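Subject: Structure for your review

Hello,

Please find the structure below, handed over for your own work. My notes on it follow directly after.

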Amino acid sequence: MKRRFGPDGVHLFDRSTGLNMLIDEVRIPRHQWSAAPRQVSIALTNTCDLACSYCYAPKHRAQLSTPQLCHWMDELDGAGCLGVGFGGGEPTLYGRLADVCAHAAERTQLAVTLTTHGHRWDAELIARLRGAVHFVRVSVDGVGATYERLRRRSFETLRERLELIGSSFAFGLNCVVNADTVDDLTAVAELAAWHGAAELLLLPESPTVRTTGITARVAAQMEEWVLAYPGPVRLAISEGWTAGLTVAIPLPREAGTRSYAHVDATGTVRPSSYSTAGQAIGADGILAALERLAAQESA
Ligand code: SF4
């Protein structure tokens, strides 16, 4: 298991099973805390072949250099990061996706998660990624006509892709929650259970330049649904969203960029994918950029 040291104790993590153990009886001196965030999301490319109205991915063309990215993963791994989440844009449109996943699997102890719309997955892609990806998150906002209106792709085809992905990878569904999708939550949870998804991640819509974000009324409806949901699929919600819900926070002292950071497709590290604050990753590497970001955040 990989070990990580932080303000909450010693964190052990097994990427092949997803098992986490926290030994919180141990007090770790500050100078021994792991320097890297626990998780880092990485937008490999801004390119996407869908055009969802609530998309927050920047629309200018950009993608990361593979050698640079592999170097950053080595740095993060050595400094105690537990996992990277590749997204975009659509990560399956990144030409060397299989290479970067293989690098993470073979040269590091990082867990690799992919967030995808799912429509480009076929037997060939699965064969190239098998063994190098530990968890797949498929974006499914609503079912049937709701899904097809929002994503402009066939819902039946999506179900075929879920079957294919689920045959080779542990996976979960991501659902943006807004006025268009909140009434479909029960059906999305049933879809997740039917296809054997391990988790349903709720993403209350964040405001962007094009959208206002989730309203208070829809948020209350979502919270009511969560409280009444009997299972069987595990529910999760965007980090930071706690209003009205009791959520498990297993590492309460590990906050901010000590917990999570995002690298956008231009190679800028940010506190989150929505944040305008950021530091370009230069020749001195990603840990140096994270240090500058932490100083910027506390200034
Ligand atoms: S699939 Fe994702 S990246 Fe592509 S347009 Fe939709 S929300 Fe944006």
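Predicted model: local features only at pLDDT ≥ 70, side-chain atom pairs only at ≥ 80, totals over all residues.

Val-40 stands opposite Val-84 in strand 5. Strand 4 (39-43) and strand 5 are joined by five bridges and run parallel. Strand 5 covers residues 83-87 and is mostly covered, with five of its five residues buried.

Overall dimensions

The protein chain has eight helices and 13 strands. For 299 residues, a compact globule would have a radius of gyration near 19 Å, and the protein chain agrees with this because its own value is 19 Å. The C-alpha trace spans about 50 × 40 × 35 Å along its principal axes. Of the 299 residues, 51% are buried.

Strand 2 (residues 9-14) is joined to strand 3 by five bridges, and the two run antiparallel. Within this pairing, Val-10 has Ile-23 in strand 3 as its bridge partner.

The loop between strand 3 and strand 4 holds Pro-29. Pro-29 counts as partly exposed because its relative accessibility is 35%, a value between the 20% and 50% cut-offs. From Pro-29 to Ala-123 the C-alpha to C-alpha distance is 48 Å, and the two are 94 residues apart in sequence.

Ligand surroundings

Which residues are around the ligand? They are Cys-48, Leu-50, Ala-51, Cys-52, Cys-55, Gly-89, His-117 and Arg-151. Sorted by class, this shell has five nonpolar, two polar and one charged residues.

Aromatic pairs

A pair of aromatic rings is described by the distance of the centres and the angle of the planes. The count here comes to three aromatic pairs, and two of them are described below.

Trp-121 and Phe-169 have ring centres 5.8 Å apart and planes at 80 degrees, so this pair is edge-to-face; the cut-off for that class is over 60 degrees. The two residues come from distant parts of the chain, 48 residues apart. Trp-121 lies in the loop between strand 6 (111-116) and helix 3 (123-129), while Phe-169 lies in the loop between helix 5 (155-166) and strand 8 (171-177). Both Trp-121 and Phe-169 are buried.

Trp-225 and Tyr-229 form a stacked pair, with 4.9 Å centre to centre and 25 degrees between the planes. Are these two residues buried or exposed? Trp-225 counts as buried because its relative accessibility is 14%, and Tyr-229 counts as buried because its value is 17%. The cut-off for buried is under 20%.

Regards

Key
Residues numbered from 1 in each chain as written. Heavy atoms only, no water. Pairing = 2+ DSSP bridges. Helix = DSSP H or I, 4+ residues; strand = E, 2+ residues; numbered from the N terminus. Near = heavy atom within 4 Å. Nonpolar A, V, L, I, M, F, W, Y, C, P; charged D, E, K, R; others polar. Phe/Tyr/Trp six-rings, centres within 6.5 Å; stacked < 30°, edge-to-face > 60°. Buried < 20%, exposed > 50% of the residue type's maximum accessible area, 1.4 Å probe, protein only. Rg over C-alpha atoms; globule rule 2.2 N^0.38 Å.
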